[in-house]
Amino acid sequence: MKKILILFLSISFFATNAQIVQKMKNEKPTRTNIYGEVAMLEVEYYDNNGEFTGENISAYILGLSSTYEINKRLDITGSIGVTEGFSYNYLTSNLAFKISENFHLFYGIGSYYIYDDRWSPAGLNGNEPSRYDFGMNMGLQLHLSKYLGLIMRYNIIEEKEEESIGSMSLNGLSFGIILK
């Protein structure tokens, strides 16, 4: 009985392994990239004195992205990144349309955790304030070579609503390089 069980487990292992290898051959390729960006952010917030202040702040972004090819014209990209200068972390998902093999337009959404000291959210209607925010981004990518690309992105993290309810805003344009 022991020999039959060992034989059955061995055949199952090799059959499963062959199926996994065949599936990997049929999978569409994914690419992982490291990128760095310089962002020019327009930030409006309430300072320590309670006065509404608007600033243009430069931030530096370091991120990691993974791209999955849906078909010949569409890719989906997931990114995670950290910033310095105006401190926030983010996780985004983008849908990219390939204009050509080297030029892509993208649009996506993301979740942002803003932990900069200047950002002090106020809760509405007695609710607890949150440093988490949802936003959008759009932009373009140009792949210069097999290992190097350029990226330009516009981020809308928090839109301006009303000063009377303590609304803050965070938007900006960023430029960077992609290393594949």
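This is a predicted model: local features need pLDDT of at least 70, side-chain atom pairs count only at pLDDT 80 or more; totals for chains, interfaces and linings use all residues.
**Notebook: strands, core and cavities**

I began with the strands, and I noted that β1 and β2 pair in the antiparallel sense over 17 bridges; two strands count as paired if DSSP finds at least two bridges between them. Residues are numbered from 1 along each chain as its sequence is written, and side-chain values use heavy atoms, with hydrogens and water left out.

**Entry 1: the overall layout**

I looked up the elements and found one helix and eight strands in the protein, where helices (H or I, at least four residues) and strands (E, at least two) are DSSP runs numbered from the N terminus. Along the sequence the pattern reads α-β-β-β-β-β-β-β-β. Of the 180 residues in the protein, 32% are buried; buried means under 20% relative accessible area, exposed means over 50%, and partly exposed lies in between, with a 1.4 Å probe and protein chains only. I also looked at contacts (heavy atoms within 4.5 Å), and among those between residues at least 6 apart in sequence, 52% join residues at least 24 apart.

**Entry 2: how the strands pair**

I then followed β2 to β3, which run antiparallel and are joined by 10 bridges, with S66 standing opposite G78 in β3. These two strands, β2 and β3, form a hairpin with four residues between them.

Which strand pairs with β1 over 11 bridges? I found that β1 (residues 30–46) pairs in the antiparallel sense with β8 (residues 169–179), and that the bridge partner of L41 in β8 is G172. Strand β8 is also joined by 10 bridges to β7 (residues 148–158), again antiparallel, and here Y154 stands opposite L173 in β8.

**Entry 3: two residues of β1**

I looked up T32, which has its place in strand β1. Is T32 buried, partly exposed or exposed? I noted it as partly exposed, because its relative accessible area is 49%. T32 and L64 are 32 residues apart in sequence, yet 7.2 Å apart in space, C-alpha to C-alpha. Leaving aside neighbours within four places in sequence, T32 is in contact with L64, S65, S66 and K180.

For L41, with the neighbours within four places again left aside, the contacts are E55, N56, I57, A59, F86, Y88, L170, N171 and G172. L41 turned up again in the largest nonpolar core, which has 21 residues, and where L41, V43, F86, Y88, I114, W119 and L170 touch the most other members. A nonpolar core is a set of buried Ala, Val, Leu, Ile, Met, Phe, Trp, Tyr and Cys residues joined through side-chain atoms within 4.5 Å. The elements giving two or more residues to this core are β1, β2, β4, β5, β7 and β8, and β1 gives the most, with five residues.

**Entry 4: cavities and a pocket**

I checked the rule before the numbers: on a 1 Å grid over the protein atoms alone, a cavity is a set of points where a 1.4 Å probe fits but cannot get out, a pocket is an open set with protein on both sides within 12 Å along at least five of seven lines, and lining residues have an atom within 4 Å of a point. Grid points are joined across faces, edges and corners, and a volume is the space filled by probe spheres set on the points.

By this rule there are two cavities of 30 Å³ or more. The largest cavity has a volume of about 170 Å³, and of the 17 residues that line it, S65, T67, T77, Q141 and I151 are the closest to its centre. Its lining has five nonpolar, nine polar and three charged residues; Ala, Val, Leu, Ile, Met, Phe, Trp, Tyr, Cys and Pro count as nonpolar, Asp, Glu, Lys and Arg as charged, and the others, Gly among them, as polar.

The second largest cavity has a volume of about 60 Å³, and the residues lining it include E37, I61 and Y88. The largest share of that lining, three residues, comes from β4.

Last, I looked up the second largest pocket, which holds about 210 Å³ of space. Its lining has no nonpolar, four polar and eight charged residues, among them R31, E69 and K180.
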